[in-house]
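Let's take a friendly look at the aromatic side chains here, ring by ring.

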Amino acid sequence: STLIMSSLRERALRLLARREHARAELARKLSAHSESDEELETLLDELSAQRLLSDERYAEMRINARGARFGNARLTYELRSQGVSEELIGAALEECDDELSRAREVFMQKFANCGEIHDSAQRARQTRFLMNRGFSGETIRRLLRGDFEEDE
């Protein structure tokens with residue numbers, strides 16, 4: 001059992017060396033290689049205690065990597081699906097740029113050379129694009145209205 005535990009630990013460390021993982025994600029990847037749920041939980045607890053495994057760091061890494069392209073709804077969904085708590089998701093989102101300025105960046109990259117044509121078909125296409133990226137309806141409305149002022 002000690003041999004299996006050490007190979008399980010080595011496998012976990014190899015995965016963590018490549019990139020941050022959420023606890024639930026790492027558990028999923030390692031479960032087929034562990035003898036029992038208790039063994040896996042013990043390892044995950046050890047890695048967390050040694051600060052090698054951190055849902056908080058994982059959330060920050062994901063938002064830093066994907067925040068420039070996606071809205072809060074999409075980022076929240078992705079983190080939630082990896083088992084990150086609502087509390088950690090909220091804290092990580094507070095640290096990144098506000099959603100409106102990120103939406104404006106994405107919009108400008110995609111539609112910069114569309115000129116000033118504002119027909120309803122183009123507006124609908126722009127709205128769908130931003131919605132698919134996970135930006136909120138309020139953010140999209142403000143962006144398309146040209147309302148870039150921050151709420152007081």
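## A buried ring

Phe111 has a relative accessible area of 4%, so this residue is buried (buried means under 20% relative accessible area, exposed over 50% and partly exposed in between, with a 1.4 Å probe and protein chains only). Phe107 is buried as well.

Please keep in mind that the model is predicted: local features need pLDDT of at least 70 and side-chain atom pairs pLDDT 80 or more, while totals for chains, interfaces and linings use all residues. Residues are numbered from 1 along each chain as its sequence is written, and side-chain values use heavy atoms, leaving out hydrogens and water.

## Two aromatic pairs

The structure contains two aromatic pairs. In one, Phe107 and Phe111 have ring centres 5.1 Å apart and planes at 45 degrees, so the pair counts as tilted. Rings of Phe, Tyr and Trp (its six-membered ring) pair if their centres lie within 6.5 Å; planes under 30 degrees apart are stacked, over 60 edge-to-face and the rest tilted. Both residues belong to helix α7 (residues 99-111), four residues apart, or about one turn of the helix. Helices (H or I, at least four residues) are DSSP runs, numbered from the N terminus, as are strands (E, at least two).

Phe111 also pairs edge-to-face with Phe129, at 5.5 Å centre to centre and 90 degrees between the planes. This pair links distant parts of the chain, as Phe111 is in helix α7 and Phe129 in helix α8 (residues 120-132), 18 residues apart. Phe129 counts as buried because its relative accessibility is 17%. Together, Phe107, Phe111 and Phe129 make up one aromatic cluster.
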